[in-house]
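Welcome! Take a moment to look at the model below, and then let us walk through it together, one part at a time.

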Amino acid sequence: MSVNIYGLIFLMAAITFSCRYLFLMRKCPIVLSDKARKALEYTAPSVLTAMWVPIVFFGHQTTQDEFVTSPFLYAGLLTLLVAAKVKNTLVVVTIGMGVFGLLQVLSKI
């Protein structure tokens with residue numbers, strides 16, 4: 001069973017690498033149109049949103065009162081504000097994680 005899982009992971013990695021490599025390789029004749037390039041600008045924010053929405057709203061069992069004081073909520077909101085101003089995804093994720101960690105520590109005190 002584990003051999004099938006490792007094979008599947010390897011296959012997914014190979015597919016992901018080959019798709020990205022084709023677009024990054026300079027000798028490849030694939031040229032994206034301006035419309036396609038513009039559409040690809042939204043992939044990072046879309047993936048980030050798909051990751052944080054379930055975590056903030058469904059990732060933990062809390063009551064309504066606890067949700068209002070939840071570090072998940074405030075770190076998520078701050079991350080949204082930072083993402084609106086800063087276009088660097090790595091910076092946004094790092095700030096969001098740092099604020100969440102700080103809020104987690106402060107909530108334990």
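## A question to begin with

Leaving aside its neighbours within four places in sequence, which residues is Thr79 in contact with?

## The overall picture

What you see is a predicted model. The protein has 6 helices and 0 strands, and reading along the sequence gives the pattern α-α-α-α-α-α.

The protein has 109 residues, and 11% of them count as buried. What about contacts along the chain? Taking those between residues at least 6 apart in sequence, 34% join residues at least 24 apart.

On the surface you can find a nonpolar patch formed by Ile5, Tyr6, Leu8, Ile9, Leu11, Met12 and Ile15. Together these residues have about 720 Å² of accessible area.

One of them, Leu8, belongs to helix H1, which covers residues 2-24. Leu8 counts as partly exposed because its relative accessibility is 49%, and a residue must be over 50% to count as exposed.

Helix H5 runs over residues 71-85. Several residues of H5 are buried: Pro71, Leu73, Ala75, Gly76, Thr79 and Val82.

Look next at Ser70, in the loop between helix H4 (64-68) and H5. Ser70 has a relative accessible area of 4%, so this residue is buried. At the start of H5, a side-chain oxygen of Ser70 comes to within 3.1 Å of the backbone nitrogen of Phe72.

## Thr79 and its surroundings

Now back to the opening question. Thr79 sits in helix H5, and neighbours within four places in sequence aside, Thr79 is in contact with Val92 and Gly96.

Is Thr79 buried or exposed? Its relative accessibility is 15%, so Thr79 counts as buried; the cut-off for buried is under 20%. A polar atom of the Thr79 side chain also lies 2.6 Å from the backbone oxygen of Ala75. Another pair to look for is Thr79 and Trp52: they are 27 residues apart in sequence, while their C-alpha atoms are 9.6 Å apart in space.

## Thr49 in helix H3

Helix H3 covers residues 43-58, and Thr49 is found there. With a relative accessible area of 35%, Thr49 counts as partly exposed.

How far apart are the C-alpha atoms of Thr49 and Gly76? The separation is 9.8 Å, for two residues that are 27 residues apart along the chain. Gly76 is one of the buried residues of H5.

## Helix H6

The last stop on this tour is helix H6, made of residues 89-108. This helix has 20 residues and reaches 29 Å from its first C-alpha to its last, close to the 28 Å expected at 1.5 Å a residue.

At the start of H6, you can look for Asn88: one of its side-chain oxygens reaches to within 3.1 Å of the backbone nitrogen of Leu90.

Notes. Residues are numbered from 1 along each chain as its sequence is written. This is a predicted model: local features need pLDDT of at least 70, side-chain atom pairs count only at pLDDT 80 or more; totals for chains, interfaces and linings use all residues. Side-chain values use heavy atoms; hydrogens and water are left out. Patches are made of residues with over 30% relative accessible area and no salt bridge: like charges are joined within 9 Å, nonpolar side chains (Val, Leu, Ile, Met, Phe, Trp, Tyr) within 5 Å. Accessible areas come from the Shrake-Rupley method with a 1.4 Å probe; for residues, only the protein chains shown count as cover. A salt bridge is a side-chain nitrogen of Lys or Arg within 4 Å of a carboxyl oxygen of Asp or Glu. Helices (H or I, at least four residues) and strands (E, at least two) are DSSP runs, numbered from the N terminus. Buried means under 20% relative accessible area, exposed over 50%, partly exposed in between (1.4 Å probe, protein chains only). Contact means heavy atoms within 4.5 Å. The expected span of a helix is 1.5 Å times one less than its number of residues. A polar contact is a pair of N or O atoms within 3.5 Å; within protein, one must be able to donate a hydrogen and the other to accept it, and residues adjacent in sequence count only if both atoms are side-chain atoms.
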